[in-house]
Every structure is written in structure tokens, then in C-alpha cells.
Amino acid sequence: MSDTRRRVKVYTLNEDRQWDDRGTGHVSSTYVERLKGMSLLVRAESDGSLLLESKINPNTAYQKQQDTLIVWSEAENYDLALSFQEKAGCDEIWEKICQVQGKDPSVEVTQDLIESEEEHIEEMPETSPLIDLPTCELNKLEEIADLVTSVLSSPIRREKLALALENEGYIKKLLQLFQVCENLENTEGLHHLYEIIRGILFLNKATLFEVMFSDECIMDVVGCLEYDPSLAQPKRHREFLTKTAKFKEVIPITDSELRQKIHQTYRVQYIQDIILPTPSVFEENFLSTLTSFIFFNKVEIVSMLQEDEKFLSEVFAQLTDEATDDDKRCELVNFFKEFCAFSQTLQPQNRDAFFKTLAKLGILPALEIGMDDLQVRSAATDIFSYLVEFSPSMVREFVMQEAQQSDDDILLINVVIEQMICDTDPELGGAVQLMGLLRTLIDPENMLATANKTEKSEFLNFFYNHCMHVLTAPLLANTSEDKCEKDNYQTAQLLALILELLTFCVEHHTYHIKNYIMNKDLLRRVLVLMNSKHTFLALCALRFMRRIIGLKDEFYNRYITKGNLFEPVINALLDNGTRYNLLNSAVIELFEFIRVEDIKSLIAHIVENFYNALESIEYVQTFKGLKTKYEQEKDRQNQKLNSVPSILRSNRFRRDARALEEDEEMWFNEDEEEEGEAVVPPVEKSKQEDDFPDSYEKFMETKKGIYSLFSLSALEVLGARYVEYRLNKPVACALYRKQEPGCSM
């Protein structure tokens, strides 16, 4: 149905001046022909029935209260209210009402109320009488509980009750009764107090929270919430908070206000997360102020700690001290983990200042110490993730500087990769998190380019020289014998993660990953995994090849055809048999892409080498389509060849094919890191080529009849270009074979 912005509760005021809940639905404003005007319609979310149909009258006084409430009078004794789940929805409908009445939406009342109307419409609590609270006595607890529970459905009465509780100091009196009931073991009274305190929390008033969560009152509030009537035995939350939960000070905190704020925040968070039941969808707004209370407490804690430079300096000094014992180091790292988690509550500019402070103090090198301990490593990983999320460039700059002073094995980024590889979790939860961090670090989209340097080229050069071998080590080790050495589930999951990262590199790194693939013959090793018993791993290997082919890079295509790298893919397709599954579809899609994109070199290779094995597959037309494309291209080449004069097709002027192939092989096998320098061995001209100019002159003198087909000037140009072509043919072929179909001569 509609989105939550339009979700409302409809209330009507009964004869006892109490608000009755008429149901929950979704509100809209539309023109109703029967009412001859714009109207408010509310349809029930359960069955779509009409809960409210009310014409927006130009002279009716509508009131907007508390950002989520609209109240008005429909008749002399019939008041209505819409309570919105979200402020945005309330604002939207309020604008419609103001538009009909010609009012500015910034007003809170659309009409000037006359005295009788002021009496008729329920007003804000500040101008209306407060709720009369029963005297705070044991025999009145049931009455108090009923009162608190009854007002929760009425936003206006909630406001009135909150003011009454605040003005009379009622909460402290209730908590005194709690101590009496507990001493008397008055179970019934304790159950009523649970309902009362829970209801007061749902009033959602910060002023009441200040009282309830003070050092004087908070443990009694927790005590009241232990006696849930739905439980056979009360919980022992106070025992946990006072005895089990221990406040650890990695460095003594001398500021008493800061200590009190930390204790309060922990306890209030415990109340919200552990004690209070999960609120329903409509009740979520009841605790919004509680969430804000915790939020602002955390902001204060982070700000106070950040401003205490002496405290932070002492923490860093101990963390980086080699003499610090393992338990203490674990506490220090966990402190920074919590510190970083709290920092997420800060405004962006304050969060930037916070992380810059940590970087200045040396958080990144500090993370490398003590990584052998499992708990320290886990906490350090969380801190690292916060830092990468904040500023990938800052982390990249650090690891590049580190590489100038340290061996590859102890580089922070290699430590992270090794931790990913060595994750002991059967589901590799930590490895997945670390893989996401690595992807962020190597993503060119968040790399900076300045006038003086390009972060992308510098970091990728660093990564491929110092880190890529660590990342691919498990893959290369597991495919060394052209078969999967280990094919258990956990190894397959790890290799799938590595392949996902390598596939990302193919898409985003082009030059660097191309060099690496060629030098390591990486695609051949990856395709060994097509034999895995785990289909998801075979699909990852296939996806890697699909991304490479998707680039339509003739250099890659040449590598694939010369290495006969379609063979494992086609074997996997044939081994899959007639099963119609994801592997089958993925392989078919790969060949269909080649056919649709008309990648000629790959089409020729597939048809010439594998068509006999594939022609029996008729449930798709892909392979027949490849054969058709191949034959069409062959016909085109023949037509081109036939259009050239026979003298130009003569073997007299063709280089020896084997000599040409040797030239190309020498170039193709050159180290790809030298890409950009065309290193071509000197080629001796054949006798045929030396004789060519003389032969051509004789040809021009003797073959006069050809002028009927070609003009003299045209033929001279053709001959001159052919001489130039023959003399430079080895160089042209060596530079890029695809440009000269004639290279195959």
C-alpha cells in the first residue's frame, strides 16, 4: 500500500472527553464529488475500508500539534484527530489543508479560534488543565497504572500526563513505593509499577528521562522493569549491571562528569536494547526521544575524550609500547573500537576532526602491533574498517609510505589480506568484511588526482608490486597441477572471494591487471576451478573470464586463443550434460555475447576448434549462429581477396608465413611490463622483397591491358602502397596483429 509517511491513526473524542482509537490506515487528500470539495480520506490498512471521509471546509479551524498531529472539529460535539507515524506525512497533509484554506503552511492554527471553539477543541497541554494524578500510595497503584496506560493512545493526553508527572515530582515518589513493595514482596504492586514505569518511558519526554536516568533513580527504574507480569520469574538486570558488567578504565578517567556520562549511557542503552520489549511499528515513535537521549550522550562522551589530549596521548603510548602485556593491549584496542563506534554519532565535520586526531597520534601503525592475538585482531579489523570508510586515501598514503621502510610481509595491507585468507570462521564472515575493505582501497573511483601526482597510478603500482602476490597465493597454490588441490567448502569460499576481487580488478584496473594476468598466465589457473565440485566456485571462474571477454580487448582475445582457454569452459558445458542450471545458462550467455558482439577472432577460434563438439547443442541457436557468423566473415574475406589483381595475390610477393609467425611469437612472449616499447627484432628482407621494385616496373611496362580496369595513377598508388606495406609488414604485424588480416599470408 502507501508508504509509511501517510500512515495514521484516526481518533475521535468521546462524551467523556477521551480520545478513542478508530483504527490505523493511510491518509490521502482528493476531490470527492459527493462532498463537492477536497477531502481527507483514510482507508484501513487491514481491509481497505473507509475509516474517515472529511471535507476540508474553508472555515474550519485545523490545529497542527507536536509535528505529527492534526486536530479539528467536525460538528459541535464531534472532534477528530489524525496522528501521523512520520512528521513528513503530517507536513504534506497540512500543506493540502492550508492550500484549500489559503493559509501559510507555517501557521499552527488555520483559523482564529473564537472562545467557544477553544473550549471545544482539545488544546496543547500548556493552555489546558493538567491531568489529576491519584495520590502516590500503595492502594492507588492499579489506578495509576490504568491512567498511564490509557493516555498512550492520545498524543494530547500524553503531553498532559508528562507535565503533571514533572510538576509534582511524582516519579521519585513512585520509586519510593517500589522499594516498599520489594521489601514487602508485594508482587501485585510490583507488576503495577512495571506497567507505570514502562508507560512513563513511552511518554517520550526528555525532561522525565533526566529524572529517571539520574544516578539517584536509574537502578530503581531498572528494578521496576524486572517485574514484567508476563514472566514467571523476575529478571535480574540490576545484578548484571552492578556485578557482571564491569567498567574498565584503560587509563584512569579523572573527570567525574565524564565517568557519570559513560555509566549513564551504558545503562540507558541496556534499558533500550535488553529490557524494553521490541516496540511495534506504531510504537517506534514512542521511544524516539530515548534514542536521541543516548545519541547526544555519545556525542558528549566523544567530544570530552577528544578534547583531553593528555588522556589520548597516554593511551597511544601504552598501545605502541612493546612491553605492554597482551591483556592490557586487548583492552586498549577494544577501547579504541568503542571510541570509533561512538564517533559515528558525530556530525561530519566533527567526525573528520576526530579521525584526523587519531591519525595524527598514529592509529594505523598502532594497529599492526599484537595482531597475533585473535581478540586484538578482531577489534583492530573493526577500527581499520572505520578508518577506511572515513578516508581510503589516508590509509593508502600510510601503506605506501610504510612500504619504503618495511618488508612486504609486515605491510599493514598484507596483514589484512593474510587475515582474510586465514579466517577460521567456516562461513568466512571476517573474510567477507575484509574483502569489502580491500575493494574500497583499490577502487579507482575514490582515488584522488591532483596537479602534482595521481594517487591511482601510484597506489596501483604499489599494490601490484607488493600485495597482489599475497592475494593470489591461495589461488595459484591450489591450481598448480592443473587440478584443484583442495576442494573443500571453506577453501572454495575463500577462492570465490579472491576471484570476486580479481574480477573487480579486471573491470577497473585495465593495464595493471592485464600485465599480471599475462605474466602469471592467471586465466588458465582460474579456469582450472571449472572442475570444482562446488558450482558456485566454477561460476566465479566463469564470471572472471566473462569480464575479460566483455572488455573486447583484442590483446586478451589473442591470449585466450593462443592458450586454447575455451577448452575448460566447453568441457564444463559438455560435462554438465542436459541439466538446465545456472552453469549451463552462464556458459551459453558467454558464447551468445561473443556472437552478438561479433568478436571475429574468438568466433573463428571457437568454430575451427570446437564446433564439432558443439553442433549437437540445438536447444539454443547460439552455436549455429557462431558458425553462420564465421562463414559470413570467411565469404567477405574471399570477396576482398578476389577483388585484388592477381599479380598482387601472387606468392611472389608474400613473406614466408613461418618467418612471420616466428616474429609474432617473439613479440608476444616479451615481458608485458615493457608494454609501450615496441621491441621488434630486425628482420632480413627476402630476395623476393629486394626484387620487388624491378619486378613491378617490368609489370607496368608489359601489362598495358590492365589500364582498361584501373587508371595509371590509381595503379601506381596501389603499387607504391603495396611496396611500403611489404617492407614494413613485419613491424606492423608485431605491433598489433589484428590490424592486418594479411598477416596470415
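**Exercise 1. Which residues form one aromatic cluster?**

Solution. Before starting, note that this is a predicted model, where local features need pLDDT of at least 70, side-chain atom pairs count only at pLDDT 80 or more, and totals for chains, interfaces and linings use all residues. Residues are numbered from 1 along each chain as its sequence is written, and side-chain values use heavy atoms, without hydrogens and water.

Step 1. Apply the ring rule: rings of Phe, Tyr and Trp (its six-membered ring) pair if their centres lie within 6.5 Å, with planes under 30 degrees apart counted as stacked, over 60 as edge-to-face and the rest as tilted.

Step 2. The structure holds 21 aromatic pairs. Phe311 and Phe335 make one that is edge-to-face, at 5.7 Å centre to centre and 75° between the planes.

Step 3. The cluster is Phe311, Phe316, Phe335, Phe336, Phe339, Phe354, Phe355 and Phe390.

**Exercise 2. Is Phe354 buried or exposed?**

Solution. Buried means under 20% relative accessible area, exposed over 50%, and partly exposed in between (1.4 Å probe, protein chains only). At 1%, Phe354 counts as buried.

**Exercise 3. Work out how strand β1 is placed.**

Solution. Step 1. Side chains of Arg7, Lys9, Tyr11 and Leu13 point one way, those of Val8, Val10 and Thr12 the other way, and all are buried. In a regular strand the side chains alternate between the two faces of the sheet.

Step 1. Strands pair if DSSP finds at least two bridges between them. β1 pairs in the antiparallel sense with β2 (residues 19-32) over 7 bridges, and with β7 (residues 78-84) over 5 bridges, also antiparallel.

Step 2. All 7 of the 7 residues of β1 (residues 7-13) are buried, so the strand is largely enclosed by the rest of the structure.

**Exercise 4. Where is confidence lowest and where highest?**

Solution. pLDDT is the predictor's confidence in each residue, from 0 to 100. Helix α2 (residues 115-120) is lowest, with a mean of 40, and helix α25 (residues 535-550) highest, at 96. Where pLDDT is low, the predicted coordinates should not be read in detail.

Terms used:
Helix = DSSP H or I, 4+ residues; strand = E, 2+ residues; numbered from the N terminus.
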